[in-house]
Amino acid sequence: MTVAEQAGRLRDTVLEFESVDGLPLNLIHVQGDDTPTKGPVVLVHGAGVRANIFRAPVETNLVDYLVANGYDVWLENWRASIDFPQNQWTLDKAALYDHPVAVKRIVEETGAESIKAVIHCQGSTSFMVSAVAGLLPQVSTIVSNAVSLHPVIPRLSTIKLNFLLRCFGWLYPYMDPRWGLNAPTIPAKLLALVVKLSHHECDNNVCKFSSFVYGIGFPTLWRHENLNEATHEWVNQEFGAVPRTFFDQITKSVGKGKLVPIDSLDGLPSEFVPPSPGTDARFAFIAGVLNRCFSKESQELTFEYFNSHRPNYHTLRLIPDYGHLDIFMGQNAVNDTFPIILEELDRAV
Ligand SMILES: [Zn+2]
């Protein structure tokens, strides 16, 4: 049976779990016909999307690919997921309240001694905070895409973010790329007008709005060349609201050159990038060289941090011709990026 045929036979089981502070979240367990030959791997989505972001309408998406290669695949819908009601989430809350519970649940369900993880964007930053705080001792290998402990964004993005937050932040407790389709309020309509006047790179209003919300690219989150038509259309249903708390925290973090807390929660260290990381996990840092949302320097810096503590153990993989989310959604990702992710997951620790 081909991978595509196997993909048609995958079964999803949704396991509800509650975050430490009482939010109802879930894990999606994806199983094929065959018993997995390798251990569990959890996939953690980014901001303003949901676990389904790893399942773009391409012939073989990352979930199909990992199941076909023997992994027991779990998708975590954490508090930033658009499947849940809007909330002012922060990296602090996700790191302390969501990821440790999700990982514990997978370990309990599978009986595995350790699990692996593929983490993306703000799923990556928040999961990394948990890991270096010593809250994820069961995770042995972590493949991180785009950004982890040291967010770096293009200079023009920094200027734009600071300006918008300072001048208009009060108007926007949330921003939502779906305003490109339907802007429900006057502030939303205003922003939709700005996007309409400034973005002419394609005919998809959610694609263009996401480019405006997440940076300064045309587009920001992928290269159009890397997406098939169905995926470019599919993003309409996969993007949703992202709260101002996220923009506040990431702007502050970019200014400091590393992730910083904004909630001061008991149970998390006062420094998100401590002098030495509280984890023995092996990390593989992946970055699309053409990422216009977070620059590849983000991953280079975090790799250097880990490499200085344990040289020649972690890896940094820079992928030419790819940007931010096309690493997972690209029509040729099955040939270009998935083998890199698999190689890093398979590597013995
Ligand atoms: Zn587009």
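**Reading pockets, a zinc site and backbone features**

Author: In this predicted model, helix 5 contributes six residues to the lining of the largest pocket, the largest share of that lining.

Reader: What does rolling a probe over the atoms show?

Author: A probe the size of a water molecule, rolled over the atoms, shows where empty space is left. Here the largest pocket holds about 580 Å³ of space. It is lined by 35 residues, and the closest to the centre are Leu161, Met175, Phe212, Val213 and Phe247. Two or more lining residues come from each of helix 4 (121-132), helix 5 (155-168), helix 6 (186-198), helix 7 (205-213) and helix 9 (244-256).

Reader: Which classes of residue make up the lining of the largest pocket, and which domains does the lining draw on?

Author: The lining of the largest pocket comprises 26 nonpolar, seven polar and two charged residues. Both domain 1 (3-153 + 257-346) and domain 2 (155-245) supply at least three residues to this lining.

Reader: How much space lies in the second largest pocket, and which residues are closest to its centre?

Author: The second largest pocket contains about 220 Å³ of space. Of its 17 lining residues, Gln6, Gly32, Asp33, Asp34 and Val67 are the closest to the centre. Strand 2 (24-31) and helix 2 (62-68) are the elements that give two or more residues to the lining of the second largest pocket. By class, seven residues of this lining are nonpolar, six polar and four charged.

Reader: Turning to the metal, which atoms coordinate the zinc ion, and what is the geometry of the site?

Author: Four tetrahedral donors have an ideal angle of 109.5 degrees at a metal. In this model, Cys202 (SG), Cys207 (SG), His224 (NE2) and His232 (NE2) coordinate the zinc ion at 2.0 to 2.3 Å. The angles among the four donor atoms run from 103 to 115°, and the site is tetrahedral. The donor residues follow the spacing C-x4-C-x16-H-x7-H in sequence. Cys207 in helix 7 and His224 in the loop between helix 7 and helix 8 (229-238) are 17 residues apart, a pair that links distant parts of the chain.

Reader: Is Cys207 buried or exposed, and what is the relative accessible area of His224?

Author: Cys207 counts as buried because its relative accessibility is 0%. His224 has a relative accessible area of 24%, so this residue is partly exposed.

Reader: Where is Cys121, and where is Asn312?

Author: Cys121 lies in helix 4, and its phi is positive, near 50°. With a relative accessible area of 7%, Cys121 is buried. Asn312 is in the loop between helix 10 (297-309) and strand 10 (315-319). Asn312 also has a positive phi, of about 60°, although it is not a glycine. Asn312 counts as exposed because its relative accessibility is 75%.

Terms used: Residues are numbered from 1 along each chain as its sequence is written. This is a predicted model: local features need pLDDT of at least 70, side-chain atom pairs count only at pLDDT 80 or more; totals for chains, interfaces and linings use all residues. Side-chain values use heavy atoms; hydrogens and water are left out. On a 1 Å grid over the protein atoms alone, a cavity is a set of points where a 1.4 Å probe fits but cannot get out, and a pocket is an open set with protein on both sides within 12 Å along at least five of seven lines; lining residues have an atom within 4 Å of a point. Grid points are joined across faces, edges and corners, and a volume is the space filled by probe spheres set on the points. Helices (H or I, at least four residues) and strands (E, at least two) are DSSP runs, numbered from the N terminus. Ala, Val, Leu, Ile, Met, Phe, Trp, Tyr, Cys and Pro count as nonpolar, Asp, Glu, Lys and Arg as charged, and the others, Gly among them, as polar. Domain bounds come from an automatic or database domain assignment. Donors are N, O and S atoms within 2.8 Å of the metal (3.2 Å for Na, K and Ca); water is not among the atoms, so sites may look incomplete. Four donors count as tetrahedral if all angles lie between 85 and 135 degrees; four count as square planar and six as octahedral if opposite donors are over 155 degrees apart and all others between 65 and 115; anything else is irregular. Buried means under 20% relative accessible area, exposed over 50%, partly exposed in between (1.4 Å probe, protein chains only).
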